[in-house]
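I opened this notebook to record what I looked up in one structure. The entries follow the order in which I consulted it.

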Amino acid sequence: EGLTRLEPSGFLAVSRYADVVANFRTPAVFAASGLRRSLEPPWLGPHPCTKTMHSLDPPEHTKMRSLVSNAFLPSVIEGTAPFVQSLVDSVVDSFAARGEAEIVADVATPTTAGTIGHFLRLDPALHAKCKEWSDAYLSISRVSRGPEHENAVRTALDEMQRYFTEVIEERRGAPGDDMVSRLLQAEVDGQRLTYEELIGFLAMLLIAGMET
């Protein structure tokens with residue numbers, strides 16, 4: 001009761017509030033690091049884009065959370081409101097004349113990709129790629145679905161890693177008023193995010209946003 005196994009991932013979905021709280025409060029028993037095994041099955045292996053914060057346990061998770069929280073100050077979030085309003089107006093205008101919309105393609109994808117792209121100051125031309133990368137990441141499963149699927153996932157993750165590496169290098173050389181620049185400058189107790197940690201966090205932010 002309260003547990004459902006999800007296939008093909010094999011994850012257990014926990015639906016009762018008390019069980020969810022118990023999971024979060026006892027990482028020694030319900031380890032988030034177990035997620036890494038599902039994200040890096042033998043057919044894929046380790047990859048920087050799969051080393052994300054939601055597959056870490058304390059104290060590593062605590063360090064990451066402290067560092068990335070500096071980029072999510074209330075003033076930063078509130079400052080995006082005019083952009084998001086303008087983006088939504090544009091999205092609505094684009095289909096209002098037709099009188100109908102396909103919600104995922106016409107509303108959800110452009111709104112989400114546009115918002116995340118604004119936070120990270122990503123190239124707008126890559127918004128379609130954001131959905132492609134997210135879909136590939138979320139299709140990772142324990143059991144291989146064949147060479148074609150394996151190659152598609154590897155290609156998408158490699159593209160995402162290369163792009164985020166380029167973005168990080170660019171912002172390191174010329175910091176701006178964007179989330180990547182703030183993450184590069186974040187420091188807690190003398191510690192900063194490594195390249196691998198930053199790539200993993202950017203991948204998580206992109207994928208979690210697109211999936212939502």
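**Entry 1: basis.** I note that this is a predicted model, in which local features need pLDDT of at least 70 and side-chain atom pairs count only at pLDDT 80 or more, while totals for chains, interfaces and linings use all residues. Residues are numbered from 1 along each chain as its sequence is written, and side-chain values use heavy atoms, with hydrogens and water left out.

**Entry 2: the largest pocket.** I looked up the volume of the largest pocket and found about 1,400 Å³. A pocket here is an open set of points on a 1 Å grid over the protein atoms alone, where a 1.4 Å probe fits, with protein on both sides within 12 Å along at least five of seven lines; lining residues have an atom within 4 Å of a point. The volume is the space filled by probe spheres set on the points, which are joined across faces, edges and corners.

I then asked which residues lie nearest the centre of the largest pocket. They are F11, L12, A32, L35 and H54, out of 42 lining residues. By class, the lining has 25 nonpolar, 10 polar and 7 charged residues; Ala, Val, Leu, Ile, Met, Phe, Trp, Tyr, Cys and Pro count as nonpolar, Asp, Glu, Lys and Arg as charged, and the others, Gly among them, as polar.

Helix α2 gives the most to this lining, with 5 residues. Elements that each supply at least two residues include β1 (3–6), β2 (11–14) and α1 (17–25). Helices (H or I, at least four residues) and strands (E, at least two) are DSSP runs, numbered from the N terminus.

**Entry 3: T50.** I located T50 in the loop between α2 (34–39) and α3 (60–68). Is T50 buried or exposed? T50 counts as buried because its relative accessibility is 0%; buried means under 20% relative accessible area, exposed over 50%, and partly exposed in between (1.4 Å probe, protein chains only). Not counting residues up to four places away in sequence, T50 touches R36, L39, E40, S55, Y137, I140 and L157, a contact being heavy atoms within 4.5 Å. The T50 side chain also makes a polar contact with the side chain of E40, at 2.6 Å. Such a contact is a pair of N or O atoms within 3.5 Å; within protein, one must be able to donate a hydrogen and the other to accept it, and residues adjacent in sequence count only if both atoms are side-chain atoms.

**Entry 4: E40.** A polar atom of its side chain lies 3.3 Å from the backbone nitrogen of H47. E40 and S141 are 101 residues apart along the chain, yet their C-alpha atoms are separated by 8.7 Å.

**Entry 5: E150.** I found E150 in helix α8 (residues 147–173). E150 counts as buried, because its relative accessibility is 16%. Beyond residues up to four places away in sequence, E150 touches W43 and S144.

**Entry 6: aromatic rings.** I asked how many aromatic pairs there are. The count comes to 2. W133 and Y163 form a tilted pair, 6.0 Å centre to centre with 40° between the planes. W133 lies in helix α7 and Y163 in helix α8, so this pair ties together parts that are 30 residues apart in sequence. Y163 and F164 form a tilted pair as well, 6.1 Å centre to centre with 40° between the planes. Rings of Phe, Tyr and Trp (its six-membered ring) pair if their centres lie within 6.5 Å; planes under 30 degrees apart count as stacked, over 60 as edge-to-face and the rest as tilted. Ring pairs link W133, Y163 and F164 into a cluster.
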